[in-house]
Protein chains: 2
Amino acid sequence: MTDPRAVTRAGGPRAAQAKGTAQAPAEPLPVPPWRPRPREIRARTPISLERIVDVALAIVDAEGTEGVTMRRVANELGTGPASLYAYVDSREELLQRVHERVIEEVPFPDFDALGWQEGVRQFALSCHDVYRRHADIALLSFADIPTTAKSLQGAEDLLASMLRGNVPVHVAAWALDRISLYIAADAYEGWLMQVRFGGATPEESEELGRAYFDQVGDFFASLPRERFPMMTSHLQEMMEGDGEERFRFGIDMFIAGIASQVPNQVPN
Amino acid sequence: MTDPRAVTRAGGPRAAQAKGTAQAPAEPLPVPPWRPRPREIRARTPISLERIVDVALAIVDAEGTEGVTMRRVANELGTGPASLYAYVDSREELLQRVHERVIEEVPFPDFDALGWQEGVRQFALSCHDVYRRHADIALLSFADIPTTAKSLQGAEDLLASMLRGNVPVHVAAWALDRISLYIAADAYEGWLMQVRFGGATPEESEELGRAYFDQVGDFFASLPRERFPMMTSHLQEMMEGDGEERFRFGIDMFIAGIASQVPNQVPN
DNA sequence: TCTACTAGCGAACAGTGTTCGCGTCAAGTA
DNA sequence: TACTTGACGCGAACACTGTTCGCTAGTAGA
């Protein structure tokens, strides 16, 4: 059974963000047959797929995907839950569309200028950043193959950049897949932690987080030294670093791992 | 804000599996204050926390965590949902206990004999394998710090093995955290794909999966060549490899990344 | 034996995603 | 312009969900 996840699950606009480059004429791309087509309905009310996704995204940002209820989205649009099913087959599909919207936000770096290592790094950080700003939406990226024009262009550019840097084809293709998985996983985990701390304000949340980590540190410090000599003596190093630092550390390990597979070139 | 995830979220028995080494006297470890203590109740019925977890785990294995309903678990035990709340604070806590049970299954390799690189590899594969056998339970490992004796021992041994191999302390600590995240993410994604294919029997599922991947391949093949030269010309390589191969590829990239940080030693 | 307590749980609450089928209104035809 | 047609909109209901309340009943201790 082969696996098509070589295409990164995270995408974004090619250049439309930083530079003022004119958009391509947007020749329509083929339609992926495995995901539902947007319904084509002549709206008679102010509701539309776009507005539904708008509302759902706002709820996700405020409370996470769990807060997205058909009733609630419908209410916010002044109607009942049944009306949404004209535009969307299920809650699941609605959330997929929200995810699709979110990944369009990811800006793509100038791969030509940066070289593949820094290009991959920048992409990963941007993508992670976007996910972190949208609660637990990263969870929707698992096992998903993005097929929007922007996503595809991003994957193409990333791939081209790596190939130009002599990364073997199969390494480049698979590495993109693996890195995307890692990005989504970390973003989701970050959201989970943030939620666990609770706290109405960011400061309160920060304080509760610190209290939690203190507890964890105390727990590990209290382990019997003779049975856990490494963990107790290196507790300091284990507890160091915030989420962002750890994320970057992982990305850099990935990049170093890829670099070690580039022929005729010393990894460091 | 520091972050305690240096401790791997996946754990397992030290040697109790392969070798016949006598178990340690099991001196009680400190109790982590941040997670709920098992209720201490004198059961008057055949239900107990252990039996509840048994039933829940069986449901997870058969259908995934979504199938675990309080009513259903209760029914299977011949009682009503309210009875479960004497042993467990919430459905969430029940699933956490199921996860705790599952990670106890992970066997630990003989790190002393293998060296850190092969040790990490074996551990990752074992852990992944266990998760893959228990539906989407890997999702419960996100943002979780396992604190069972076995898990802690596993983390200790893994850490010790890497330090013996001259991996810098902070690299070893963080790497364990990152690799654990990657393992869980891939296991979860694997389950999602499996579910997407549906199919009652494994053969049927395999066939549906193949059909799905064919669709995806066709889609990418149908992209305009001039706009997506890399993806269209390297489709073969992108589609190659099943989930397991890709997982191993990622682990090996991680290991190579760590190795590149070992001083006084050529990575390959 | 009597009391005090607590494990066990039936019933209910406040939600959830989704479906059915009826009204209604706009477009297409005569 | 009048009529017919059909699809959109959505109120109401279905079959669930996690969780709580407070009553019943049986055991442990006095």
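User: What makes up the atoms of DNA strand D within 4 Å of the protein?

Analyst: Sugar or phosphate accounts for 58% of those atoms, and bases for the rest. This is a predicted model, in which local features need pLDDT of at least 70 and side-chain atom pairs count only at pLDDT 80 or more, while totals for chains, interfaces and linings use all residues. Residues are numbered from 1 along each chain as its sequence is written, chains are lettered from A and ligands numbered from 1 in the order in which they are written, and side-chain values use heavy atoms, with hydrogens and water left out.

User: Why is the pair of Arg71(B) and DNA strand D called a polar contact?

Analyst: A polar contact is a pair of N or O atoms within 3.5 Å; within protein, one atom must be able to donate a hydrogen and the other to accept it, and residues adjacent in sequence count only if both atoms are side-chain atoms. An N or O atom in the side chain of Arg71(B) is 2.6 Å from a base nitrogen of DNA strand D, so the pair qualifies. The side chain of Ser83(A) has an N or O atom 3.1 Å from a phosphate oxygen of DNA strand D.

User: What is found around DNA strand C?

Analyst: DNA strand C is surrounded by 20 residues, the closest being Thr69(A), Arg71(A), Tyr85(A), Thr45(B) and Thr79(B). Sugar and phosphate make up 56% of the atoms of DNA strand C that come within 4 Å of the protein. The side chain of Arg71(A) places an N or O atom 2.7 Å from a base nitrogen of DNA strand C, and that of Tyr85(A) places one 2.7 Å from a phosphate oxygen of DNA strand C.

User: How do you know how chains A and B are related?

Analyst: Chain A can be laid on chain B with an RMSD of 0.1 Å by a turn of 180° and a shift of 0.0 Å along the axis. The two copies are thus related as by a two-fold rotation axis. The superposition is by least squares on the C-alpha atoms of residues with pLDDT of at least 70 in both copies.

User: Why is the aromatic pair of Phe197(A) and Tyr212(A) classed as it is?

Analyst: Rings of Phe, Tyr and Trp (its six-membered ring) pair if their centres lie within 6.5 Å; planes under 30 degrees apart count as stacked, over 60 as edge-to-face and the rest as tilted. Phe197(A) and Tyr212(A) are 5.5 Å apart centre to centre with 50° between the planes, so the pair is tilted.

Notes. A residue is near a molecule or strand if one of its heavy atoms lies within 4 Å of it.
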